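Please open the model in your viewer and keep the sequence panel beside it.

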Amino acid sequence: MSVNKVLSNQETTLKILSQSVRYQSVHSSSQPLPSQSVYKKIAAPIMTAWNTVLSKENKNWVNPFGNFTKPCFVCKYYGHSFQECPNIVPKYRGACVRCWISDHQSTRCRRTVRDPPFKDGFCPRADLLKILHELCK
Ligand SMILES: [Zn+2]
Ligand SMILES: [Zn+2]
């Protein structure tokens, strides 16, 4: 991965967080944040992509839970299979997971492999975990 790609990913990640991490204004400026769980610190929901909430209810979670012991093949979050992945653009759900054209199955795919068509601002799970870890310090 090129440096530029990494940087632009980080920028996106920060953008998502500034979109979702809104501390209550009372605590914002000078006072240190109370050391509660990170999920309580964050007033607005965390997003994994544009308009896509990180929550078990939304079947989009960072860790295994319930019957979801394996991550989504495409986005690596837990709670759904790749056919119903909430982190990719809806029209690509059910398409071939290699080339993202929908007229064949991926097992028969002979086309060039393409990056998944993630929604705008998609934050990879590894990056989100890093950020959550930072917030927990
Ligand atoms: Zn997914
Ligand atoms: Zn294909």
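Which residues in the largest nonpolar core touch the most other members? In this predicted model, they are A49, C72, V74, C75, Y77, C85 and I88, out of the 17 residues of that core. A nonpolar core is here a set of buried Ala, Val, Leu, Ile, Met, Phe, Trp, Tyr and Cys residues joined through C-beta atoms within 7 Å. A residue is buried if 20 or more other C-beta atoms lie within 10 Å of its own, exposed if 12 or fewer, and partly exposed in between, with C-beta atoms placed from the backbone.

Two conventions apply throughout. Residues are numbered from 1 along each chain as its sequence is written, while chains are lettered from A and ligands numbered from 1 in the order in which they are written. Since the model is predicted, local features need pLDDT of at least 70 and side-chain atom pairs count only at pLDDT 80 or more, whereas totals for chains, interfaces and linings use all residues.

**Stop 1: the whole chain**

Display the protein chain as a cartoon. It contains four helices and two strands, arranged along the sequence as α-α-α-β-β-α. Helices (H or I, at least four residues) and strands (E, at least two) are DSSP runs, numbered from the N terminus. Of the 137 residues, 20% count as buried.

Next, colour the chain by pLDDT, the predictor's confidence in each residue, from 0 to 100. The average is 80, and 69% of the residues score at least 70. Among the elements, β2 has the highest mean pLDDT (96) and helix α2 (residues 25-28) the lowest (38). Over residues 21-36 the pLDDT is below 50, and this stretch has 11 contacts in the model beyond near neighbours in sequence. Two residues are in contact if their C-beta atoms, placed from the backbone, lie within 7 Å.

**Stop 2: I88 in the core**

Select I88, one of the core residues named above. Neighbours within four places in sequence aside, I88 is in contact with V74, C75, R93, P116, P117, F118 and K119.

**Stop 3: R125 and V62**

Select R125, which is found in helix α4. R125 counts as partly exposed because it has 19 C-beta neighbours inside 10 Å. Beyond residues up to four places away in sequence, R125 touches V62, K76 and Y77.

R125 and V62 are 63 residues apart along the chain, yet their C-alpha atoms are separated by 6.6 Å. Apart from its neighbours within four places in sequence, V62 is in contact with L54, Y77, R125, L128 and L129. V62 has 19 C-beta neighbours inside 10 Å and is therefore partly exposed.

**Stop 4**

Is T69 buried or exposed? T69 is exposed, because 8 other C-beta atoms lie within 10 Å. Its place is in the loop between β2 and α4. From V62 to G79, 17 residues apart, the C-alpha separation is 8.8 Å.

**Stop 5: two positive phi angles**

Most residues other than glycine have a negative phi. Select K59, whose phi is near 55°, a positive value in a residue other than glycine. K59 lies in the loop between β2 (52-53) and α4 (125-136). K59 is partly exposed, because 18 other C-beta atoms lie within 10 Å.

Finally, select W100, which is not a glycine but has a positive phi of about 65°. W100 lies in the loop between β2 and α4. W100 is buried, because 20 other C-beta atoms lie within 10 Å.
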